[in-house]
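This report describes one protein model for a reader who has not seen it before. The sequence and structure come first, and the description follows.

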Amino acid sequence: MLHTALIERAAAARPHSGDAARNLSGCPALVLNADYTPLSYYPLSLWPWQTAIKAVFLERVDIIATYDREVHSPSLDMKIPSVIALRQYVRPSEFPAFTRFNLFLRDRFVCQYCGSPDQLTFDHVVPRRLGGRTTWENVSTACAPCNLRKGGRTPKQAHMRLMEEPIRPTTWQLQEKGRAFPPNYLHASWRDWLYWDVELES
Ligand SMILES: [Zn+2]
């Protein structure tokens, strides 16, 4: 096949001006699994447009929707994909990554002691000096004042109660929480693929 030549052409394809280049760099493609659900939610599976176009030429993905913008090269004009779907299904992981963002998301971005959304920090429920580990089950979101008040004590010792016991969420559970915190920027062509009931809720 002509794959290599095509990929080189895709890689050589450039938008017209510097301005366009800057804007194009903000044209990521939403990557769907072969079942047309996002490959991942947190973080949302997005590829730079160059990666998306390469994958198109490698026949690894199908284009579902495009931006109005095009890339041009002497032998190629192509609209930049805004939504692509993998041809081969990738089994999603059952559990999300243990990241700061995901932990805040699990706790809905509020202090688990007082409910404040301000000055959020991470609290080791069983303090590290008492052998507490940095795990989903032992770290909770806490505002700085609560964290300070609790100090190096357990909630019981500090007479403070957690609103929810910290658990390791499944990918699905985290996704449900995430519905209240959509990413700041969503391209119009992505919305249909993120949630089933967008129409019902709006
Ligand atoms: Zn608090």
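## A loop residue

Thr37 lies in the loop between strand 1 and strand 2. Helices (H or I, at least four residues) and strands (E, at least two) are DSSP runs, numbered from the N terminus. Thr37 counts as partly exposed because it has 15 C-beta neighbours inside 10 Å. A residue is buried if 20 or more other C-beta atoms lie within 10 Å of its own, exposed if 12 or fewer, and partly exposed in between, with C-beta atoms placed from the backbone. Between Thr37 and Ala85 there are 48 residues in sequence and 8.7 Å in space, C-alpha to C-alpha.

## Basis and overall make-up

The model is predicted: local features need pLDDT of at least 70, side-chain atom pairs count only at pLDDT 80 or more, and totals for chains, interfaces and linings use all residues. Residues are numbered from 1 along each chain as its sequence is written.

The protein chain holds nine helices and six strands. It has 202 residues, of which 21% count as buried. Among its contacts with a separation of 6 or more, 63% join residues 24 or more positions apart. Two residues are in contact if their C-beta atoms, placed from the backbone, lie within 7 Å.

Four strands form an open sheet in the order 2-1-4-3, with mixed pairing. Strand 2 (46-47) and strand 3 (61-73) are at the edges with a single partner strand each, so one side of each has no neighbour in the sheet. Two strands pair if DSSP finds at least two bridges between them.

Strand 1 (residues 29-32) pairs with strand 4 (residues 76-86) in the parallel sense, over three bridges. Val31 has Ile84 of strand 4 as its bridge partner. Helix 3 (residues 49-57) packs on the sheet and touches strand 1, strand 2, strand 3 and strand 4. The direction of helix 3 makes about 90 degrees with that of strand 4; such angles run from 0 to 180 degrees between N-to-C directions, with axes as lines fitted to C-alpha atoms, for helices over the stretch in contact.

The pairing of strand 1 with strand 2 is antiparallel, over two bridges.

## Helix 3 and the cores

The buried residues of helix 3 include Trp49, Ala52, Ile53, Ala55 and Phe57. Just after this helix, Glu59 takes a positive phi of about 60 degrees.

The largest nonpolar core has 17 residues, and Ala29, Leu30, Leu32, Trp49, Ala52, Val83 and Ile84 have the most contacts inside it. A nonpolar core is a set of buried Ala, Val, Leu, Ile, Met, Phe, Trp, Tyr and Cys residues joined through C-beta atoms within 7 Å. Strand 1, helix 3, strand 3 and strand 4 each supply at least two residues of this core, and helix 3 gives the most, with five. Apart from this core lies another, of six residues, among them Cys111, Tyr113, Ala142 and Cys146.

## Strands 5 and 6

Strand 5 (residues 120-124) and strand 6 pair in the antiparallel sense over five bridges. His124 stands opposite Val139 in strand 6.

Strand 6 (residues 139-143) is mostly covered, with five of its five residues buried. Val139, Thr141 and Cys143 point one way from this strand, and Ser140 and Ala142 point the other way.
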